[in-house]
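Visitor: Could you take me through one part of this model slowly, as if I were new to reading structures? I would like a close look at a single stretch and at what surrounds it.

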Amino acid sequence: MERRTRPRVPLDTPFFIRVRMKNGDQCPAMLVDCGRGGVQLAFSPAEDRVGSLLSQELVLLDMPKGLGADPDGCAGVVTWVSPQRCGVRFDELLALTDDELTAVAKKL
């Protein structure tokens with residue numbers, strides 16, 4: 001069942017970021033898709049903590065500048081997990097329209 005209220009835009013090329021967990025640990029991740037309200041992340045198969053991320057608060061660091069993300073990172077909470085992937089709902093919407101988001105995503 002689809003529960004998103006805003007569209008997500010798939011990224012044509014990989015964009016790597018860092019994820020900081022509430023305990024301060026960091027790990028690399030790849031943006032799979034992005035929306036004003038959240039993102040889907042993919043992790044390396046070697047990253048064994050994906051399953052423990054459900055409901056965890058995260059900060060996404062090194063987000064693409066064109067997304068209008070806070071330079072200090074986008075805060076959010078993990079809403080779902082699957083092997084090597086998770087969905088993150090931002091605490092605040094990105095300051096872009098859906099059309100602007102689509103244009104930015106195609107340039108990444």
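Guide: Let's start with Ser55, which is exposed, with a relative accessible area of 55%; that puts Ser55 in the exposed class because the cut-off for exposed is over 50%. Keep in mind that this is a predicted model. Ser55 sits in the loop between β3 (38–42) and β4. Its backbone is worth a look too: Ser55 has a positive phi of about 70 degrees although it is not a glycine. Most residues other than glycine have a negative phi.

Now follow the chain into strand β4, which covers residues 57–61.

Side chains of opposite charge can pair when their charged atoms come close. The side chain of Glu57 meets that of Lys22 in a salt bridge, at 3.9 Å from N to O. This pair links distant parts of the chain, with Glu57 in strand β4 and Lys22 in the loop between β1 and β2, 35 residues apart. Lys22 is exposed, with a relative accessible area of 62%.

Beyond β4, look for Asp62, in the loop between β4 and β5. Asp62 is not a glycine, yet has a positive phi of about 65 degrees. With a relative accessible area of 41%, Asp62 is partly exposed. Asp62 forms a salt bridge with Arg18, and the closest N and O atoms are 2.6 Å apart. Since Asp62 lies in that loop and Arg18 in strand β1, the pair ties together parts that are 44 residues apart in sequence. Arg18 is partly exposed as well, at 34% relative accessible area.

The structure holds three salt bridges, and one of them joins Asp33 to Arg8, with the closest N and O atoms 3.2 Å apart. Asp33 is in strand β2 and Arg8 in strand β1, 25 residues apart. Both Asp33 and Arg8 are buried.

Methods. Residues are numbered from 1 along each chain as its sequence is written. This is a predicted model: local features need pLDDT of at least 70, side-chain atom pairs count only at pLDDT 80 or more; totals for chains, interfaces and linings use all residues. Side-chain values use heavy atoms; hydrogens and water are left out. Two strands pair if DSSP finds at least two bridges between them. Helices (H or I, at least four residues) and strands (E, at least two) are DSSP runs, numbered from the N terminus. Buried means under 20% relative accessible area, exposed over 50%, partly exposed in between (1.4 Å probe, protein chains only). A salt bridge is a side-chain nitrogen of Lys or Arg within 4 Å of a carboxyl oxygen of Asp or Glu.
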